[in-house]
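The following exercises are to be worked with the sequence and the coordinates at hand. Each task is followed by a solution in steps.

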Amino acid sequence: MTTPRATYDDIPGTTVFDAQRSRQGYWLNQFCMSLMKAENRAAFKADESTYLDKFPMSPEQKQAILDRDWNRMITLGGNIYFTAKLGATDGLSFQQIAAKMTGMTQEQYADMMAHGGRPPDGNRYTWEWEARSRG
Amino acid sequence: MARIVAGVTSSHVPAIGAAIDNKRSGDAYWQPVFAGFERSKQWIADLKPDVIFLVYNDHASAFSLEVIPTFALGCAAEFKPADEGWGPRPVPTVEGYPQMAWHIAQSLILDEFDITIVNQMDVDHGLTVPLSLMFGEPDAWPVRVIPLAVNVVQYPPPTGNRCYNLGKAIRRAVELFDSNDKVVIFGTGGMSHQLQGPRAGFINKEFDADFLNRIVTDPVGLSRMPHVEYLREAGSEGVEMVMWLIMRGALDDDVREVHRFYHVPASNTAVGHIILENKVGAAR
């Protein structure tokens, strides 16, 4: 049998960490995992590029990490629970990383959450976002 | 025989742990969250359980992508708080219960739930935040804990139906254990939230309210909900609510709701909490 076609690719602004993405992002995520140890965090901060070269990632993955392009990391197979460890190394909370991925300032994002979060209406299907961007 | 007398569901938002650890639980932002657990703390102090069977998910702390067990049962004598990148939480080491945990592992496997046995595992906020919410800040946790780590990081997590039936098997296993231990089962995580991508911050209060109702009265119907519905309606990280069904499966079909609490937001997440007691045998 073959794996059923994904039914979740029409959820807007969402990347499900499935088998394909896990394979693609294995070393990116394992790099993030290495930051669980204080000595590795120090080595990474001292020389980010040299530290990243220890992991067989693609040049695009390394660049996304150096740029702290959180959405790009997810697109390239990163998982939020792993990339959050890079955030922690930078002194960022989950909420600060989440804000960056939405293109909002932290204040705007915190304000949205304080007012009940991003509502479900208009945010369930990619076509809803596409219709909105067409105006 | 040992017996499961009650179930507790609770979110396990890491920022709640940080608020406790940084002495900010009285802040205007956090006060409503902790107020929702005041009654729960009293309830569990009165109940005095011997054991918490704690269903949670590891957040890339004990398990990286090297090994991804769907169900991992902690059989060790103790579990240390994990360093999640900020340093370990300053909470007590969690005392395990190897004798009961190993018994449950054997029973589950012979009952055709092929779980993974774990003898070395640090525990992250997924496990320690619910303990903090229910027990406050003691010098030592007043219970022994049997952790069950469920994979909800790598898609697909187990189905709701599998979780619900695993709960039933856990109950059978506990009731075959020769002791007088009083066990409370925790199902943690949720409620609606999304931490990743441009849709981060997603919250669905209607979904959550319905889920809270149905976890009490219609768990079988709830157990049939497909993953995509969680992902779409509760956010990509909301899918971890399948773990609540393990708790629910371990209780009677007909339960008494003792307490319910819901609050938005805690950081990125809707906090949901419910306490259910078995009507029969919930010796107080």
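pLDDT is the predictor's confidence in each residue, on a scale from 0 to 100. The model is a predicted one. Chain B has an average pLDDT of 96, and 99% of the residues reach at least 70. For the complex, the predictor reports an ipTM of 0.95 and a pTM of 0.96.

**Exercise 1. Describe the architecture of chain A: how many helices and strands are there, and into which domains is chain A divided?**

Step 1. Chain A holds 10 helices and zero strands. Its pattern along the sequence is accordingly written α-α-α-α-α-α-α-α-α-α.

Step 2. The division gives domain 1 (19-91) and domain 2 (104-135). The centres of domain 1 and domain 2 of chain A, taken over C-alpha atoms, lie 27 Å apart.

Step 3. The C-alpha trace of chain A extends over about 50 × 45 × 25 Å along its principal axes. Of its 135 residues, 36% count as buried. Considering contacts in chain A between residues at least 6 apart in sequence, 58% link residues at least 24 apart.

**Exercise 2. Determine which residues of H9(A) are buried and why they fall on the same side of H9(A).**

Step 1. The buried residues in H9(A) are A:Tyr109, A:Ala110 and A:Met113.

Step 2. These residues lie on the same side of H9(A) because they cover an arc of only 95° around the axis.

Step 3. On the face turned away from the buried side of H9(A) are the exposed residues A:Glu107, A:Gln108, A:Asp111 and A:Ala114.

Step 4. The cover over the buried residues of H9(A) includes H8 of chain A and strand E9 (255-266) of chain B. Just after H9(A), A:Gly116 adopts a positive phi of about 105°.

**Exercise 3. Examine the largest nonpolar core: which residues touch the most other members, and what does B:Ile146 touch?**

Step 1. The core has 124 residues, of which B:Leu54, B:Val55, B:Ile104 and B:Ile146 touch the most other members.

Step 2. Helix H6 (residues 160-175) of chain B supplies the largest share, seven residues. Domain 1 (19-91) and domain 2 (104-135) of chain A each provide at least three residues to this core.

Step 3. Leaving aside residues up to four places away in sequence, B:Ile146 touches B:Val51, B:Phe53, B:Leu54, B:Gly74, B:Gly96, B:Tyr97, B:Met100, B:Ala101 and B:Ile104.

**Exercise 4. Decide whether B:Val184 is buried or exposed, and state what B:Val184 touches.**

Step 1. B:Val184 belongs to strand E8 (residues 182-188) of chain B.

Step 2. A residue is buried if 20 or more other C-beta atoms lie within 10 Å of its own. B:Val184 has 24 C-beta neighbours inside 10 Å and therefore counts as buried.

Step 3. Apart from residues up to four places away in sequence, the residues that B:Val184 touches are B:Val5, B:Ala6, B:Gly7, B:Val8, B:Pro49 and B:Ile52.

**Exercise 5. Inspect the backbone: where are A:Arg68 and B:Glu112, and which peptide bonds are cis?**

Step 1. Most residues other than glycine have a negative phi, and most peptide bonds are trans.

Step 2. A:Arg68 has a positive phi near 50° and sits in the loop between helix H5 (59-67) and H6 of chain A. With 15 other C-beta atoms within 10 Å, A:Arg68 is partly exposed.

Step 3. B:Glu112 has a positive phi of about 75° and lies in the loop between helix H4 (98-110) and strand E6 (116-118) of chain B. B:Glu112 is exposed, since 8 other C-beta atoms lie within 10 Å.

Step 4. The peptide bond from B:Gly190 to B:Met191 is cis, with omega near 0°; B:Met191 is in the loop between E8 and helix H7 (205-217) of chain B. Another cis bond joins B:Val264 to B:Pro265, with omega about -5°, and B:Pro265 is part of strand E9 of chain B.

Methods:
Residues are numbered from 1 along each chain as its sequence is written. Chains are lettered from A and ligands numbered from 1 in the order in which they are written. This is a predicted model: local features need pLDDT of at least 70, side-chain atom pairs count only at pLDDT 80 or more; totals for chains, interfaces and linings use all residues. A nonpolar core is a set of buried Ala, Val, Leu, Ile, Met, Phe, Trp, Tyr and Cys residues joined through C-beta atoms within 7 Å. A residue is buried if 20 or more other C-beta atoms lie within 10 Å of its own, exposed if 12 or fewer, and partly exposed in between; C-beta atoms are placed from the backbone. Helices (H or I, at least four residues) and strands (E, at least two) are DSSP runs, numbered from the N terminus. Domain bounds come from an automatic or database domain assignment. Two residues are in contact if their C-beta atoms, placed from the backbone, lie within 7 Å. The arc is that of the directions from the helix axis to the C-beta atoms.
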